Amino acid sequence: MTATIISGKQVSEDIRGRIAGEVKGLAAKGVVPGLAVVLVGEDPASQVYVRNKEKACHDLGFYSEVHRLPAETSQAQLLALVDELNRKEAIDGILVQLPLPGHIDEKAVINAIAVGKDVDGFHPVNVGNLVIGDDSLLPCTPAGVIELIKRAGISLSGKHAVVIGRSNIVGKPVSLLLQRENATVTMCHSRTENMAEIARQADVLVVAIGRANFIDASYVKPGAVVIDVGMNRLENGKLAGDVDFDSVKEVCGPITPVPGGVGPMTITMLMQNTLIAAKRHHGLS
Ligand code: NAP
């Protein structure tokens, strides 16, 4: 086995330690970063995510508000809450937990969040700024992927990165961020032909498809960096990535495990975005 494990848990703890230190410094200036999380309905996975976000805020010294709304909340009611949070001085970041119930137009809600408080990085203005390379709040999971790669000491400049998956929340922004780091990027998706052949050309392979253990060793060049974004709940209740870890670890170089890889980075990047938003809000950056 040539693989080394990139621990998202460890990297996440390091970054959180730095954030907690910065929060203490801000507190001395009378500034406390504030995050509002809005949850509509009772989706069990969303409830867990929201609790984890609440805990992270508490651990790092952020002010937090969680608004738990019933599933039958109307779009108008939700938009009114977003509007209130946009104007609330103590709130620097707003996160509306997705998915929303079917009767609510997610795009309308995301578009209503103030651009400077859009700590999920999903507002079209933040997405547009990412595309043109301007300053923006970056989507959390993609930002976490890049941070993990960099902190593992891996240089992306000039490398061939292959991203499998082209969703708006993972694949597309990851590919843009990899380009920003001067990687040469190829994107694959469900219609890609000869995907294993393309993937085997990757120095860095990022997988975000939502299919448990789909990518085996036949997709991986010996020594390649493998980043597994997948989080798939198996019938036995265990969490599996999109990468068949046991097979791939025999050929790859550094690899992220599931759990303990990209997963922990997402909330950490959310906290980082909220800190950035708070500093901008108070003219401190
Ligand atoms: P998604 O919106 O369902 O998108 C999946 C993408 O994968 C699509 O672009 C799809 O192609 C492509 N795809 C599906 N099957 C494929 C196949 N057999 N071969 C090649 N491409 C294929 O999923 P997502 O939201 O990006 O999430 C992907 C995975 O990441 C999921 O397991 C999710 O749970 C996980 N995730 C983890 C975190 C985290 O915090 N760690 C955050 C977000 C997501 P088409 O576009 O052609 O349909």
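This is a predicted model: local features need pLDDT of at least 70, side-chain atom pairs count only at pLDDT 80 or more; totals for chains, interfaces and linings use all residues.
User: Why is Ser 12 called buried?
Analyst: Buried means under 20% relative accessible area, exposed means over 50%, and partly exposed is in between (1.4 Å probe, protein chains only). Ser 12 has 4% relative accessibility, so Ser 12 counts as buried.

User: Where is Ser 12 found, and which residues is Ser 12 in contact with, leaving aside its neighbours within four places in sequence?
Analyst: Ser 12 is found in helix α1; helices (H or I, at least four residues) and strands (E, at least two) are DSSP runs, numbered from the N terminus. With neighbours within four places in sequence left aside, Ser 12 is in contact (heavy atoms within 4.5 Å) with Pro 264, Met 265 and Thr 268.

User: What makes the pair formed by Ser 12 and Pro 264 a polar contact?
Analyst: A polar contact is a pair of N or O atoms within 3.5 Å; within protein, one must be able to donate a hydrogen and the other to accept it, and residues adjacent in sequence count only if both atoms are side-chain atoms. A polar atom of the Ser 12 side chain lies 3.0 Å from the backbone oxygen of Pro 264.

User: Why is Arg 166 called partly exposed?
Analyst: The relative accessible area of Arg 166 is 41%, so Arg 166 is partly exposed. Arg 166 lies in the loop between β5 (160-164) and α7 (171-180). Leaving aside neighbours within four places in sequence, its contacts include Met 187, Cys 188 and His 189.

User: How does Ser 167 count, buried or exposed or in between?
Analyst: Ser 167 has 30% relative accessibility and therefore counts as partly exposed. Ser 167 is found in the loop between β5 and α7, and, with neighbours within four places in sequence left aside, is in contact with Lys 172 and Pro 173.

User: Which residues does UniProt place in the feature "binding site"?
Analyst: The unreviewed UniProt entry places the feature at Gly 165, Arg 166 and Ser 167. UniProt positions are given in the numbering used here, feature names are shortened, and annotations may be inferred rather than shown by experiment.

User: What distances separate oxygen atoms of the ligand from polar atoms of Ser 190, Val 229 and Met 231?
Analyst: For a polar side-chain atom of Ser 190 the distance is 2.5 Å. For polar backbone atoms, the value is 3.4 Å at Val 229 and 3.0 Å at Met 231.

User: How does the reach of helix α2 compare with the expected value?
Analyst: Helix α2 (residues 44-60) has 17 residues and reaches 25 Å from its first C-alpha to its last, close to the 24 Å expected at 1.5 Å a residue. The expected span is 1.5 Å times one less than the number of residues.

User: Which residues of α2 are buried, and why are they said to be on the same side?
Analyst: The buried residues of α2 are Ser 46, Val 50, Lys 53, Ala 56, Cys 57 and Leu 60. They cover an arc of only 120° around the axis, so they are on the same side of α2; the arc is that of the directions from the helix axis to the C-beta atoms. These buried residues pack against α1 (8-28), β2 (34-40), β3 (63-69), β4 (93-96) and α10 (263-281). The face turned away from the buried side carries the exposed residues Pro 44 and His 58.

User: Why is Asn 194 called exposed, and what is its phi?
Analyst: Asn 194 has a relative accessible area of 52%, so Asn 194 is exposed. Its phi is positive, about 55°, although Asn 194 is not a glycine.

Key. Residues are numbered from 1 along each chain as its sequence is written. Side-chain values use heavy atoms; hydrogens and water are left out.
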